[in-house]
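Please walk me through this model, with an eye on helix packing and aromatic pairs.

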Amino acid sequence: MRTSGWMKRQPWFWPIKLFLKRISGKELWLRRDFEMTTTKIGEWAFVPELLHGGSIVYSLGVGDSVEFDLGVIERYGSTVYAFDPTPYAMEWVAAQTLPTEFVFKPWAASGADGSLRLYRRVSRRGKRAKVMWTADAGAGDIEDHIDAPAYTIATIMQQLEHEKIDLLKMDVEGAEYDVLDGLKNVQNLPKQLLVEFHHRFRSIGKQKTATAIEKLRGLGYQIFWLSETGREIGFMQVTRDSDDA
């Protein structure tokens with residue numbers, strides 16, 4: 001049974017739904033490690049005091065929405081580097097009128113440099129997506145795929161001559177796990193991470209997200225924000241284990 005739009009707009013809906021999913025074992029029991037003053041643009045909350053005119057933001061996964069990217073540019077004057085190698089996204093971005101502070105690259109981010117195979121997303125009801133592609137074969141159409149140029153965050157930073165990233169946001173349909181794992185090779189870690197995790201994909205599962213979060217904690221990241229669904233998480237880089245040795 002589908003949930004009505006009216007019900008989703010009620011303040012009690014998402015807390016109850018998340019609680020039920022947690023007790024049923026479908027979602028992780030997570031909480032914020034500390035409280036921060038946040039600002040929300042679109043579906044994403046972040047710590048505004050860490051952004052300014054000279055900030056560099058990486059936005060992985062464009063699809064057909066740059067609401068967050070344009071909001072950050074307008075409010076803080078930051079430069080946003082957006083990445084998406086999928087056909088629809090490239091065509092959509094090319095048709096938009098975008099500010100010079102929005103820099104688009106038709107690349108995929110990955111855990112290794114080379115090529116990344118992406119599959120057209122297929123919903124549990126069997127509907128093929130127009131916009132979304134996934135690196136997870138179990139959530140896509142294995143007959144409908146593309147091979148995209150892919151780079152680690154460390155390599156992207158090197159190619160773009162960036163010494164640091166102030167904020168890294170990713171909605172990459174299952175590819176986030178390899179991207180995050182590659183952060184261990186980044187010398188100057190992003191101060192903020194905004195990640196949508198896709199453990200709802202049957203072929204991924206919530207343990208993979210739990211493991212990814214533990215690895216991020218090992219890099220000094222802590223949770224400052226959780227979305228209503230519990231799948232979008234905001235992390236701040238506080239300390240790094242090696243720095244404390």
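Is Phe 235 buried or exposed? Phe 235 is buried, at a relative accessible area of 1% (buried is under 20%, exposed over 50%, partly exposed in between, with a 1.4 Å probe and protein chains only). The model is predicted: local features need pLDDT of at least 70, side-chain atom pairs count only at pLDDT 80 or more, and totals for chains, interfaces and linings use all residues. Residues are numbered from 1 along each chain as its sequence is written, and side-chain values use heavy atoms, leaving out hydrogens and water.

The search of the whole structure finds 11 aromatic pairs (ring centres of Phe, Tyr or the six-membered ring of Trp within 6.5 Å; planes under 30 degrees apart are stacked, over 60 edge-to-face, the rest tilted). Phe 19 and Trp 29 pair edge-to-face, at 6.0 Å centre to centre and 85° between the planes. Phe 19 sits in helix α2, and Trp 29 in the loop between α2 and β1 (helices are DSSP runs of H or I, at least four residues; strands are runs of E, at least two; both are numbered from the N terminus). Phe 19 is partly exposed at 45% relative accessibility. Trp 29 is exposed at 55%.

Phe 197 and Phe 235 are also edge-to-face, with 6.4 Å between centres and 85° between planes. Phe 197 is buried, at 0%.

Phe 197 is in contact with Arg 231, as is Glu 27 (contact is heavy atoms within 4.5 Å). Arg 231 lies in the loop between β12 and β13. Arg 231 counts as buried, at 15% relative accessibility.

How values were computed
Lists of a residue's contacts leave out its neighbours within four places in sequence.
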